[in-house]
Number of protein chains: 2
Amino acid sequence: MDDSTGVRKRNVDPEDEQEEADLVLTDSSLPRNDVAESPSPPKDEAPEFMKEALKDLTPRWRNWWVRGWFSLLMIGFFGVLIYFGTFAFMLVVILCQVKCFHEIITIGHQVYKSYDLPWFRTLSWYFLFCTNYFLYGETLAEHFAASIQKEERLMFLARYHRLISYMTYLLGFMLFVLSLVKKRYRLQFFMFGWTHVTLLIIVTQSHLLMQNMMEGLVWLILPVSMVICNDIMAYMCGFFFGKTPLIKLSPKKTWEGFIGGAFFTIIFGWFFALFLCQFPSLICPSKISSNFTVDVNCDPMFIFKPKEYNVPLFIRVLLKLIGFDRSTISIYPLQFHSLSLSIFSSSIAPFGGFFASGFKRAFKIKDFGDTIPGHGGLMDRFDCQYLMATFVNVYLSTFITVPSPKKLLPLIVAMSPDDQLQLFHQLKDYLDGQGLL
Amino acid sequence: MDDSTGVRKRNVDPEDEQEEADLVLTDSSLPRNDVAESPSPPKDEAPEFMKEALKDLTPRWRNWWVRGWFSLLMIGFFGVLIYFGTFAFMLVVILCQVKCFHEIITIGHQVYKSYDLPWFRTLSWYFLFCTNYFLYGETLAEHFAASIQKEERLMFLARYHRLISYMTYLLGFMLFVLSLVKKRYRLQFFMFGWTHVTLLIIVTQSHLLMQNMMEGLVWLILPVSMVICNDIMAYMCGFFFGKTPLIKLSPKKTWEGFIGGAFFTIIFGWFFALFLCQFPSLICPSKISSNFTVDVNCDPMFIFKPKEYNVPLFIRVLLKLIGFDRSTISIYPLQFHSLSLSIFSSSIAPFGGFFASGFKRAFKIKDFGDTIPGHGGLMDRFDCQYLMATFVNVYLSTFITVPSPKKLLPLIVAMSPDDQLQLFHQLKDYLDGQGLL
């Protein structure tokens, strides 16, 4: 097979095909000193208008300011999103997912100089599309279920969704097999694996984030804020008190930062959960059927309603000392759940960041990209968020959402009338048997 | 960080850490001529007792006999499994999955000489365990649902299943991050990706195969036999009529073999489906609740019952010419479904084999292992089976299994009595509204 795309031209003996691939694998395209082993001077990433204002500062402080301002900008943007609600968040989650995917795929292509692999960039994006089509279809189908019945065209898509998704994916799979060229096999399989691991990490986890959001925006806002809070407070505590190195992978992280971050995140989570419970637009689930709007008149789940708890005796004694005397205290059950989330976000979620650090070191890059001035790529900010999103999803499905009449009825309505009647009579018999009717 | 496990001892400068990893990536541990580019003489894989009997044959024919006998042996074993039923199949599917996983992971370790990576082999097996625990738990939980209610201990496992699985997985993830050692980062991430892609290919697809089986053994036996039939008939047709090369990846495959295989597989599928419909033990779904036995007195789905179809006029005229005159013909609807399956198994499933061929070429290996004399590794026989299993799963969920009272009732029973009553009244109102009650 002719292959004129080799990086370096030379006479190759067929038995030698391996070498070329190994050559590509060996040769890192990134300069050696780009690794943050001994901290290299930060790049001057400030946008033009900032450069002027910050021109008198040393590069180190300039970077500090740029990073600070862009942190505030992102938090502000997050606030604006909350104002616009579910649909805006959906768009942003999708855009972030595409950008993170792009960042990681680009690293693979750069490190392995695989830009010239036949079809490959097209196939990567195609697989991204397929995975999204499959996952969102599955979720939407579930939420639509009943309402979709009316639209004949959509019904077709919902009915055959898995088959269509699988066939679409298989087309990409077959194109991959057909695009295999001698001398590049190993590199092509390598990039195939790279794409699929990226899909697994980015796409499936963004999808879980999206599912959380459908249960109520609070399930997105609370954990995302906790991770942000933990990042900032760990940085601050490390900055002021940091002495004991935490992990060799990230030499700048310290135990003081880790523990301080956890402390402030737990406190923040407790009060932020209380605050969020005040907004029906955040605690009611989204209704896909009506353009992803939230029915703010929903009857909130009990975890969003205050409940009186007895104050344990020894705490009551302590409170008396400082002048308070109350035998009960009103707490939103969500606040207890926020404890699980904040403990996770400050103890296990940071491993997402360590994983990303290790990955960056492995491929000799400082950041995943240069999307956000002072911060690096989008993926640099999302590394822990994805791990957190999966945890929240698992947590929700375990402790919060249980099969409810609201979710089962659409499934029943989708059955044939005969089956509906059969189920009705079976249920009636069962409830009679239990003495409930 | 001290790392005394390096393949070659030398003084390394910290900036040079990359080189060692690249060294490992470059150096293929397998001899060059192990690639089947120009067919190398087949290895003498015959077991001792066969060696004696076949000693007068040339190596080529000896391999042919060994391969033939072991094919028959495997088909015989498959027959024995059918006799023993679902539970035996489950065990074999799990064993095959573990063996295939082992074969692929071993290739990764051999090619990249990564045996000495700290923790890695342990972690690979741990991830295999986690994935299986998660997937089987999800399926079992679904099937158990109602019956599990009685056992308090099992109830705990079912209730917190996702959380337990996720935490178990996260433990492995954290151990991976903690096991990262300088100089080996890239190789470690590489093996992490390798393990996860293998899990995606082997474990998830075996799990889908298992799900198919639960719907009735026919959904395992029919597609597996089709792939076997296609393999054999494509080989035979290629052997006798093969002239036109099919795909550069597998120089021995021909268009004649591909088309001949498809022709015989479609015919085989049509009659084998008819044959399988005669056995209640194959067409009834398995009941996990009673040790995976099949209730042979189940009321089979309509697709397993013969139905009279009108013979189209022009076929009737053709039949008349050869002495038949029938206006209707009795066909099992499963036979029509068998057409979709056999067309898939002979047109798209072979791409699983091409993918595996490309993979073997990429890593300069002839077979995935030497588990089955004459055939190579188990993975060499399962490459197309996995793709087929996924298709059958998608096909079943799209066309065959719909939400049924049988599946919804356990979900309802799992709810609180209040919710059960609420659902009952909602369903009653709905059915009233539809005029069905």
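A: Let's start with strand pairing: two strands pair if DSSP finds at least two bridges between them. Keep in mind that this is a predicted model.

Q: Which residue stands opposite B:Pro245?

A: B:Thr254 in E2(B) does. The strands here are E1 (residues 245-247) and E2 (residues 250-254) of chain B, which run antiparallel and are joined by two bridges. A hairpin of two residues links E1(B) to E2(B).

Q: How do I read burial, say for B:Ser250: buried or exposed?

A: Buried means under 20% relative accessible area. B:Ser250, found in strand E2 of chain B, has 8%, so B:Ser250 counts as buried. Beyond its neighbours within four places in sequence, B:Ser250 is in contact with B:Phe354 and B:Ser357.

Q: And the interface: what is the area buried between chain B and chain A?

A: About 8,300 Å², with carbon and sulfur atoms giving 75% of that. The contact takes 84 residues from chain B and 83 residues from chain A. As for specific pairs across the interface, the rule finds zero salt bridges and four residue pairs in polar contact, both at pLDDT 80 or more. Several helices of chain B each supply at least two residues to the side that touches chain A, among them H1 (17-26), H8 (185-214) and H17 (417-433). The largest share, 12 residues, comes from H17(B).

Q: Which residues of chain A does UniProt list for "transmembrane region"?

A: The unreviewed entry lists several spans, including 188-210 and 216-242. In the model, residues 188-210 of chain A are 100% helix, with end C-alpha atoms 32 Å apart. Residues 216-242 of chain A are 89% helix, and their end C-alpha atoms lie 37 Å apart.

Terms used. Residues are numbered from 1 along each chain as its sequence is written. Chains are lettered from A and ligands numbered from 1 in the order in which they are written. This is a predicted model: local features need pLDDT of at least 70, side-chain atom pairs count only at pLDDT 80 or more; totals for chains, interfaces and linings use all residues. Side-chain values use heavy atoms; hydrogens and water are left out. UniProt positions are given in the numbering used here, feature names are shortened, and annotations may be inferred rather than shown by experiment. Helices (H or I, at least four residues) and strands (E, at least two) are DSSP runs, numbered from the N terminus. Buried means under 20% relative accessible area, exposed over 50%, partly exposed in between (1.4 Å probe, protein chains only). Contact means heavy atoms within 4.5 Å. Buried area is the accessible area (1.4 Å probe) that two parts lose on being put together, summed over both. A salt bridge is a side-chain nitrogen of Lys or Arg within 4 Å of a carboxyl oxygen of Asp or Glu. A polar contact is a pair of N or O atoms within 3.5 Å; within protein, one must be able to donate a hydrogen and the other to accept it, and residues adjacent in sequence count only if both atoms are side-chain atoms.
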